[in-house]
Amino acid sequence: MIEKIHHLLKEISEVTAHNREEVEQLRLKYLSKRGLVSVLFDDFRSVPAENKRQVGQQLNELKNRVQEKIDSLKATFETTDEKPPQPSDLTRPVSGVPGTRHPLSIVRNQIIDIFGRIGYSVTVGPEIEDDWHNFSALNFPPEHPARDMQDTFFIARDPEILLRTHTSSVQIRTMEQNQPPIRMIFPGMVFRNEAISARAHCIFHQVEGLYIDKDVSFADLKQTLMYFAKEMFGEKTKIRLRPSYFPFTEPSGEMDVSCNICGGVGCNICKHTGWVEILGCGMVDPSVLENCGIDSKIYTGFAFGMGIERITMLKYQIRDLRLFFENDVRFLKQFTGAL
Ligand code: PHE
């Protein structure tokens with residue numbers, strides 16, 4: 001009996017528990033009706049009278065120790081479990097994305113990723129621009145209609161300061177600060193004073209691309225854009241380049257991709273032509289290079305600018321551009337799990 005008591009005393013001094021459940025298990029093991037200590041009390045009845053005093057003392061001692069131990073273990077978990085809820089640190093960075101990303105962000109990230117794989121790095125420029133970076137350095141003559149109040153949002157009636165109408169302004173900023181080789185894309189928000197409809201908005205998003213080096217040709221531009229279209233819309237996608245005009249590129253073009261909403265049969269997105277225009281492009285005009293301090297006798301290059309809304313509409317078969325700006329969760333929560 002004495003031996004058993006000593007054994008349990010040792011055991012109880014060493015036990016630990018990791019949570020409340022384990023403490024409860026210990027309580028059952030030692031102190032419940034059929035528990036180890038209770039069983040000893042039962043056995044106590046058969047201890048000879050002359051030993052009862054000594055054994056009884058030891059047994060009480062054991063019971064107290066067990067009780068103390070269990071109480072103290074219980075207390076440690078009670079204090080940690082029942083702390084008042086801590087105010088969470090609102091500045092802590094979240095892990096993962098709460099909710100879903102906006103479809104325009106998903107597509108912007110995909111564009112960045114696709115060009116990243118062929119060596120394009122990313123940079124950004126300001127949304128509030130001056131006339132030089134948005135127009136003059138890009139060869140827009142003073143009387144060009146794009147400078148008109150009809151198209152451009154000016155800041156505080158100052159014709160020098162405006163909301164950029166395209167991301168081509170970042171081409172200028174980049175070339176002013178870097179000598180070739182330059183291989184970069186510039187994502188960003190742009191602003192034009194347009195009536196809001198299913199196909200147009202006064203705020204939208206572009207990604208501009210710029211590649212300047214020795215011996216860059218139109219063939220390089222075409223292959224780059226073909227690579228992009230196939231990565232973005234799938235291997236079967238066809239592209240079509242039409243001659244166009246921009247003051248800052250020569251020659252200039254616009255690129256259409258085969259409409260993947262109707263499969264080329266004709267719908268309201270492709271205006272029943274089977275093709276959708278997604279970007280403007282061209283070889284950077286030598287005078288634009290010179291405006292930025294780049295020697296146009298040594299270097300050539302191309303630029304392109306695409307609308308993220310248009311590409312997102314095609315990719316996700318969205319027929320009304322206004323959905324992007326309405327913040328309707330029923331629309332937004334459909335875009336799960338992407339980039
Ligand atoms: N900035 C032009 C636009 O907004 C697109 C473009 C970019 C065209 C680069 C040629 C080269 O329409």
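A pocket here is an open set of points on a 1 Å grid over the protein atoms alone, with protein on both sides within 12 Å along at least five of seven lines, and its lining residues have an atom within 4 Å of a point. Its volume is the space filled by probe spheres set on the points, which are joined across faces, edges and corners.

This model is predicted, so local features need pLDDT of at least 70 and side-chain atom pairs count only at pLDDT 80 or more, while totals for chains, interfaces and linings use all residues. Residues are numbered from 1 along each chain as its sequence is written, and side-chain values use heavy atoms, without hydrogens and water.

Let's start with the largest pocket, which holds about 1100 Å³ of space. It is lined by 48 residues, and Arg192, Phe204, Gln206, Glu254 and Glu277 are the closest to its centre. Strand S9 gives the largest share of the lining, eight residues. Strands are DSSP runs of E with at least two residues, numbered from the N terminus. The lining divides by class as follows.

| Class | Lining residues |
|---|---|
| Nonpolar (Ala, Val, Leu, Ile, Met, Phe, Trp, Tyr, Cys, Pro) | 21 residues |
| Polar (the others, Gly among them) | 14 residues |

Elsewhere, an open sheet of three strands is ordered S2-S4-S3 with antiparallel pairing; two strands pair if DSSP finds at least two bridges between them. Strands S2 (128–130) and S3 (154–155) form its edges. S2 is joined to S4 (residues 158–163) by three bridges, and Asp130 stands opposite Ile161 in S4.

Key: Helices (H or I, at least four residues) and strands (E, at least two) are DSSP runs, numbered from the N terminus. On a 1 Å grid over the protein atoms alone, a cavity is a set of points where a 1.4 Å probe fits but cannot get out, and a pocket is an open set with protein on both sides within 12 Å along at least five of seven lines; lining residues have an atom within 4 Å of a point.
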